[in-house]
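Dear colleague,

I am passing this structure on to you, with the notes on its side-chain contacts following below. Please have the model open beside the text as you read.

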Amino acid sequence: MAKSLRSRRTWTIGVIASDSAGGTSPFFGQFTRACEEVAWQRGYSVLFGNSAEDPERAEGYIRGFLERQVDGLVLMRVPVSPERAEEMRGHVPVVTIDHQAPPFFSRLAQVPPGAGTAPAGE
């Protein structure tokens, strides 16, 4: 806790994925495992959410993670409304995977479809 107060960081990352296969997609498991492993190696904890291809559920996770002041967001196949993207701009780094991100995200990394989990973890 003292470390967080000094650095103004929460040492948490929010990861939201849309597992259209209902938990059976091998990529979903590899992706979440890679995110957690890389985060752990760098001293971060990870909060996970499955949007289940439901825009309202995805929005709820995004809102909740931002309220918890995560230090970054990773979005896999999760669309972001222009209003939400504007709110996040400049406040939190965002990685989008397998989805087109709004062009004005700051500190944004995009991983194209089919690139695998290695670029996402790094």
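**Charged pairs and aromatic rings**

Glu-36 and Arg-33 form a salt bridge, in which the closest N and O atoms are 3.0 Å apart; please keep in mind throughout that this is a predicted model. The two residues are three apart in helix 2, so about one helical turn separates Glu-36 from Arg-33. Glu-36 is partly exposed, its relative accessible area being 26%, whereas Arg-33, at 51% relative accessibility, counts as exposed.

In total, the count comes to four salt bridges, and two that share Glu-59 are described next. Arg-63 forms a salt bridge with Glu-59, with 3.8 Å between the closest N and O atoms, and both residues lie in helix 3, four residues apart, or about one turn of the helix. Arg-63 counts as partly exposed at 40% relative accessibility, and Glu-59 is partly exposed as well, with a relative accessible area of 23%. Glu-59 also forms a salt bridge with Arg-84, where the closest N and O atoms are 2.2 Å apart. Because Glu-59 lies in helix 3 and Arg-84 in helix 4 (residues 82-88), this pair ties together parts that are 25 residues apart in sequence. Arg-84 counts as buried, at 8% relative accessibility.

Turning to the rings, a search of the whole structure finds two aromatic pairs. Trp-11 and Tyr-44 form a tilted pair, with 4.9 Å from centre to centre and 45° between the planes. This pair links distant parts of the chain, 33 residues apart: Trp-11 is in the loop between helix 1 (2-7) and strand 1 (12-17), while Tyr-44 is in the loop between helix 2 (26-41) and strand 2 (45-50). Both Trp-11 and Tyr-44 are buried.

The rings of Tyr-61 and Phe-65 have their centres 5.9 Å apart and their planes at 45°, so this pair is tilted too. Tyr-61 and Phe-65 are four residues apart in helix 3 (residues 55-67), which means that about one helical turn separates them. Tyr-61 counts as partly exposed, at 26% relative accessibility, whereas Phe-65, at 6%, counts as buried.

Finally, a charge and a ring come together at Trp-11, where the charged end of Arg-9 sits over the ring, 4.4 Å from its centre.

With kind regards

Note on methods:
Residues are numbered from 1 along each chain as its sequence is written. This is a predicted model: local features need pLDDT of at least 70, side-chain atom pairs count only at pLDDT 80 or more; totals for chains, interfaces and linings use all residues. Side-chain values use heavy atoms; hydrogens and water are left out. Rings of Phe, Tyr and Trp (its six-membered ring) pair if their centres lie within 6.5 Å; planes under 30 degrees apart count as stacked, over 60 as edge-to-face and the rest as tilted. Buried means under 20% relative accessible area, exposed over 50%, partly exposed in between (1.4 Å probe, protein chains only). A charge sits over a ring if NZ of Lys or CZ of Arg is within 6 Å of the ring centre and within 35 degrees of the ring normal. A salt bridge is a side-chain nitrogen of Lys or Arg within 4 Å of a carboxyl oxygen of Asp or Glu.
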